[in-house]
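Trainee: I would like a close look at a single part of this model and at what packs around it. Please take me through it step by step.

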Amino acid sequence: MTARATDTGRGVIERFNSVQVYVHALLAISIFLLWLTGLPMTFYEPLGWLIDLFGHSNVVLIHVVAGVGLIAVMIYYAVYMALGLTTGNTTLRHVMFGLDDVREVLQQLQWLAGLGAEPESGKYTFLQKAEIWIIAFEVGVMIVTGLVMWYIGVLASTSPNLVMLIVRDVHAIVAVTMLMGVTFHLFMTHVKEFPMDRSMFDGTVGIGQACREWQSWAREEIGASRVPCEERTHSSVLTTGMIVTVLLFAIIWTGVILQYVLSPLPTGPSLSQHIAPNALPGGTLGLVYFLGLNLAALVCIGSVVAIGYGIYSRYGRTQPA
Amino acid sequence: MPDSDTIRSQLVEADRWRSLTAVVAAAIGTAAVLVAFDQLPEIVNGWEPIVGGHVTRETAYDQFNAIWLAVRAVMGLYISFVFFVIAGQLLGHWRRYVVEGGEP
């Protein structure tokens with residue numbers, strides 16, 4: 001730590017180690033590849049071009065390979081964290097929920113209602129902790145349902161069978177729920193620092209930003225009671241992006257509800273056949289779904305490119321000149 | 001890269017031995033998971049229709065459909081819950097930023 005770093009707020013705090021940076025990148029790339037190949041299987045009509053792009057015979061293969069990669073990365077990080085527990089060198093305590101999070105939730109609601117100050121948080125806000133655990137849970141569900149379908153389901157020589165149709169629905173709905181959660185994470189964590197927060201690549205965060213976002217953690221790391229915070233500035237890009245993101249989520253959410261929850265089962269009955277036909281609506285409303293789902297696909301493609309660029313930049317900086 | 005203005009956290013040290021052990025465990029673990037699933041018997045084939053109107057002799061389509069619709073209802077509630085939480089957060093943040101930015 002240097003005097004300059006703490007006094008001016010221009011220094012940075014190491015937030016993630018190299019393992020966390022690369023695990024994050026590998027997890028993200030495998031998940032985005034799973035969506036890019038899985039979404040066109042779920043919403044074929046608006047996203048059929050992705051199947052053409054990958055090739056009909058390759059889509060399932062890429063999906064399976066990305067899934068196996070996801071399993072390997074999850075096991076790797078689980079073992080890495082478990083070994084850290086045995087030596088006491090772990091950051092697990094930062095992601096565990098506690099009473100402080102209950103307090104933070106209440107303060108957050110008061111702040112959103114304009115009745116109090118924005119809460120201070122530790123290394124992760126309660127929302128970020130929730131994102132981590134929800135995504136871990138959803139990845140677990142995706143892995144189990146994906147493996148079941150791969151080995152004894154839709155890809156087996158004896159398929160399709162009826163139970164697999166239920167598993168397929170669970171797989172698809174959880175995947176799309178996860179897409180919303182990860183897009184929320186992308187926006188609130190990575191894009192909010194427009195155009196892109198680079199901490200996921202270089203592992204560091206500016207002191208000013210750390211103070212603004214995770215003030216308790218910043219104080220703990222710096223070892224000072226007073227930390228120079230960045231002032232939040234109003235950004236039209238940010239506030240407009242928030243509204244666009246909500247609208248995108250609404251399109252994806254209603255699309256799944258119509259096609260995978262309310263539509264008639266292949267065997268006949270439905271929760272509400274009058275509301276949801278067998279496919280997404282056509283006409284003007286169909287155009288909204290077409291644009292919304294394709295925007296989601298473009299977010300996935302853009303994210304893969306951004307991660308590739310970020311990791312390439314990090315790798316370039318580590319090479320001797 | 002860390003420099004004089006970088007505050008290094010003790011808790012984010014990356015141990016090489018931990019990483020190498022985890023790589024080996026991931027390779028073995030992934031292979032074990034795939035082999036384990038490959039051993040699963042294709043018991044679900046018993047659900048395929050063998051008699052008109054039935055999934056098996058013991059399980060009617062009605063029962064199967066009821067389970068399927070219940071699963072869909074639960075999953076629909078789950079995705080709706082997630083949607084309303086994140087939409088509420090985004091709209092709340094949007095409103096606060098607009099207010100703090102001095103706009104009406």
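Mentor: Start with a cut-off that we will need: angles under 35 degrees count as roughly parallel, over 145 as roughly antiparallel, 65 to 115 as roughly perpendicular, and the rest as oblique. Keep in mind that this is a predicted model.

The part to look at is helix H1 of chain B, which runs over residues 16-38. H1(B) has 23 residues and reaches 33 Å from its first C-alpha to its last, close to the 33 Å expected at 1.5 Å a residue. The unreviewed UniProt entry annotates residues 20-37 of chain B as "transmembrane region", and also residues 66-87. In the model, residues 20-37 of chain B are 100% helix and 0% strand, with end C-alpha atoms 26 Å apart. Residues 66-87 of chain B are likewise 100% helix and 0% strand, and there the end C-alpha atoms lie 31 Å apart.

Within H1(B), the residues B:Arg18, B:Ala22 and B:Ala26 are buried. An α-helix has 3.6 residues a turn, so residues three or four places apart point the same way. The cover over the buried residues of H1(B) includes helix H4 of chain A, residues 59-87.

Now follow H4(A) to another partner, helix H6 of chain A, residues 126-152. The two pack at an angle of about 135°, and their axes are 11 Å apart. H4(A) and H6(A) are therefore oblique to each other, and their crossing is left-handed. On the H4(A) side, the contact involves A:Val64, A:Gly67, A:Leu70, A:Ile71 and A:Met74. These meet A:Val139, A:Ile143, A:Gly146 and A:Trp150 in H6(A).

Note on methods:
Residues numbered from 1 in each chain as written. Chains lettered and ligands numbered in written order. Predicted model: local features only at pLDDT ≥ 70, side-chain atom pairs only at ≥ 80, totals over all residues. UniProt positions renumbered as here; feature names shortened; annotations may be inferred. Helix = DSSP H or I, 4+ residues; strand = E, 2+ residues; numbered from the N terminus. Expected span 1.5 Å × (residues − 1). Buried ≥ 20, exposed ≤ 12 C-beta atoms within 10 Å, placed from the backbone. Contact = placed C-beta atoms within 7 Å. Axes fitted to C-alpha atoms, helices over the stretch in contact; angles between N-to-C directions. Left-handed = near helix turned anticlockwise from the far one by under 90°.
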